[in-house]
Each structure stands twice: as C-alpha cells, then as structure tokens.
Amino acid sequence: MKTKGYKIPETMKAIRQHKAGGGLSYEEVAVPRPGPGEVLVKMEAAPVNPSDLALLSGSYLERSYPFTPGLEGSGTVVAAGSGFLPWLRLGSRVACSPLHGGDGTWAAYMRTSAMNVAPLPGNISSEQGAMMLVNPMTAMAFMHLAREGKHRAMVNNAAASALGKMLIRLTQSHGMPLINIVRKEEHLHELEAMGARHVLNSSSPNFKEDLSRLTEELNATLILDAVTGKQAALLLDAAPRGSTLVAYARLSGEPLSADPHALITEEKQIQGFQLGNWLHGKSLPFKLRFIGRVRKHLGDDLYSFISRSYPLQKAGEALEHYRANMSEGKILLKIGS
Ligand SMILES: NC(=O)c1ccc[n+]([C@@H]2O[C@H](COP(=O)([O-])OP(=O)(O)OC[C@H]3O[C@@H](n4cnc5c(N)ncnc54)[C@H](OP(=O)(O)O)[C@@H]3O)[C@@H](O)[C@H]2O)c1
C-alpha cells in the first residue's frame, strides 16, 4: 500500500446499519486497506439520496449486514493498492462511489476501486463534488437518450427534485422543451420562477387533459418517470403514439402499471434506466468524454442546491429531515468536521 506520507489510522468512525430497515449507529470500526486496483478515500462530504433511503429500507440492492451506507461522496485519495490507476489517483481530490455491495461513503474512510473515483476540477467544492456521480451524470445521460432517440421534447416527473432542476437548466441551455410534473402547488411556482415554461401539477383535476394536450403540441415522446406505479399508466396514455417511457425510480413504491393497448396498438415502449447499467454498456472513450462534459457543467447547469449540512454522527437526524423535505435541496453529511 502506497500512502505518499498520509497517516492512516487503525480505526475510524462510521455509520452502520445492522439489519434491513433498522436504525443507524455511529461506531468505531477498522479502517479498510485498499487491495490491488483499489484506493482509500479520506471522506469529506456525502449527500443523502433517494437511493440511500431505498437501500436502508432493504428494498434496493442485495447486501450483507452490518454495512456502512452512502452511495456517493467526495474526499481525498490517501492510500493506493497496487496498479497504475490507484497510484495516479493518490493525493487527488475526488468524487467517489463504493464497491458493488461494499461499505459506503458515510464513514471517515472508504475503500473502493480506482475506477470508482473521478478527480474534481479545482473550481468545484468538495460539497458540490460529493454529488457529481449520481444526479449530474443521470441528467446528462437523459439528454443523451433524447438526442439518440431523436426526441423533440421530454416529460419528467418528481420535477422539483435536484435531478429535475438540473434537467430544467440543461434543456433550457439546449433549447429542448421539457414538461415538468410536480405534485404540490408550491413546486409549480418554484419551477416557473426558475424559468420552466411547462409545469403541471399531478394533483390538479385537469392534469391528464393538460398533459395530453401539451405532449401532442410539443411532440414530447420521451417520458422520464421516477414515480411509476399508477402514474406510469397515465403518462403512457397521455403520450403521443410511438413514445418511450423510461422508468428510472419507483418513488410511489407501487408496481408499474400500464394498459397493454398503449404498447400493442400505439407502438409505445417501456424501458428501465439505471445509471450504472447504462454506463456499463459504453466504451471507455465514450465514458471519458461523458464524464468530461459532466465535470464542465458541475458549476452551472448541473449544480445542486444544498439546503442543510449535518455532521456524520447526526446521520439519523439528517435522514429524518430529508424524508420530510425532499424537494428543499440536498442534505449533506460533512465528514471529519
Ligand atoms: N435510475 C437512476 O440511475 C437514478 C439516478 C439518479 C436519480 N434517480 C432517481 O431520481 C429521483 C430524483 O433524485 P434526486 O436525488 O434528485 O431527488 P431529491 O432531490 O432528493 O428529491 C426527491 C423528489 O421526489 C419527490 N417525490 C418523493 N416521493 C414522491 C411520490 N410518491 N410521488 C411524486 N414525487 C415524489 C419529492 O417531491 P415532494 O416534495 O413532492 O415529496 C422530491 O421532489 C429519485 O427517485 C432517484 O432515485 C435515479
């Protein structure tokens, strides 16, 4: 293990969960050592994302217990296992994500593959950098899907989310119409104030008619659905012939429902999207170009608003606050502060 003079302690503080759906504890655990192709990141910041809630509830990704949550974050590479890439990253300030099934970012140190860290540009804070690998990459991937499928306009729900706001800014920069769906009136006004031209409230009695009219008018054939459940059937029904619905989360917690008529006679399609799987199928040059574009826009279109920060030991409190105020902005765990 190479450390370039960084002192690595034997033990550290970490957040641990001992069973699916169980509470969180703040514990002293051993600092992991990086193996071949791996690095050790001294963590600085990590957000709370919807995928963390799903992981903690036990409804997302198989895993063994106890484990440390946190699916993304930022920090400095302070130790490297064998291999060229780990050595190259030693000393870099990076955005990082855990090994598949491994312990996560809500700890003072995290061991991960050198392929799971991306150096942060000098003008990007560690706080913004902690949120680089999930939402900004996904928002950029959605723009790619739109271009690749030659879609003229898109629909997105849960649109007051951090990801939804990135998509609003990106589509504005690219001149692509976007129909935003929220479920609360205050979010409709918030998104309009951001300059979003088309915002609908799914709780309004005219929602379905307004959506059908707008999707036809704009020829919005790419439907991005984070809610799924019954809303998927409604979105698919309102979409123009030949549309594609991309299910990218299940915020409703319900199984996806759809009328087969839409698929059979109207040539509509349903597909799933998970960032990791999508990237996995891409070539290395594509991935490098893609990540370069994301890094370039982290300070503008792909910026995340941070509503509150908590020290690591208050992760439980941070989760409670986040659950009750998801659209308020990102909740960040400040580690080592
Ligand atoms: N598939 C992928 O690879 C991938 C990658 C990145 C993100 N995502 C997904 O993208 C979504 C947005 O992520 P984020 O980090 O940007 O979220 P976020 O900022 O934490 O906000 C979550 C949003 O979800 C809304 N919401 C929660 N439950 C809902 C429900 N039952 N019906 C409608 N809206 C609901 C909230 O609105 P209210 O204020 O109305 O509750 C809030 O605006 C999440 O579902 C996340 O899992 C998926």
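Reader: How does K165 count by relative accessibility, buried or exposed?

Author: K165 has a relative accessibility of 12% and therefore counts as buried, where buried means under 20% relative accessible area, exposed over 50% and partly exposed in between, with a 1.4 Å probe and protein chains only. Keep in mind that this is a predicted model, in which local features need pLDDT of at least 70 and side-chain atom pairs count only at pLDDT 80 or more, while totals for chains, interfaces and linings use all residues. Residues are numbered from 1 along each chain as its sequence is written, and side-chain values use heavy atoms, with hydrogens and water left out.

Reader: Which side chain does K165 meet in a salt bridge?

Author: In general, side chains of opposite charge can pair when their charged atoms come close. Here K165 meets E190, with 2.9 Å from N to O, well described by the criterion of a Lys or Arg side-chain nitrogen within 4 Å of an Asp or Glu carboxyl oxygen. Because E190 belongs to helix α6 (residues 185-193) and K165 to helix α5, this pair ties together parts that are 25 residues apart in sequence; helices here are DSSP runs (H or I, at least four residues) and strands likewise (E, at least two), numbered from the N terminus. E190, at 32% relative accessibility, counts as partly exposed.

Reader: How many salt bridges does a search of the whole structure find?

Author: The search finds 13, and one of them joins E217 to R213, whose closest N and O atoms are 3.7 Å apart. E217 counts as exposed at 56% relative accessibility, whereas R213, at 46%, counts as partly exposed.

A further pair is E267 with R241, the closest N and O atoms lying 3.5 Å apart. It links distant parts of the chain, 26 residues apart, since E267 sits in the loop between α9 (260-264) and β13 (269-272) and R241 in the loop between α8 (230-238) and β12 (244-247). R241 is exposed, with a relative accessible area of 53%. Salt bridges with shared partners also join D210, R213 and E217 into one network.

Reader: How should I read the aromatic pairs?

Author: A pair of aromatic rings is described by the distance of the centres and the angle of the planes. The structure holds eight such pairs. In W278 and F286 the ring centres are 5.8 Å apart and the planes stand at 75 degrees, so the pair is edge-to-face (centres within 6.5 Å for Phe, Tyr and the six-membered ring of Trp; under 30 degrees stacked, over 60 edge-to-face, the rest tilted).

Reader: Which residues come nearest to the ligand?

Author: L163, R183, Y322, S327 and K330 come nearest among the 25 residues around the ligand, taken as those with a heavy atom within 4 Å. Ligand oxygen atoms lie 2.5 Å from a side-chain N or O atom of S327, 2.7 Å from a polar side-chain atom of R183 and 2.9 Å from a side-chain N or O atom of N135. The protein buries 88% of the 920 Å² that the ligand exposes when taken alone. Helices α4 (135-148) and α5 (162-174) are the elements giving two or more residues to the shell.

Terms used: Polar contact = N/O pair within 3.5 Å; in protein donor to acceptor, adjacent residues only side chain to side chain. Areas by Shrake-Rupley, 256 points an atom, 1.4 Å probe, with all protein chains shown as cover.
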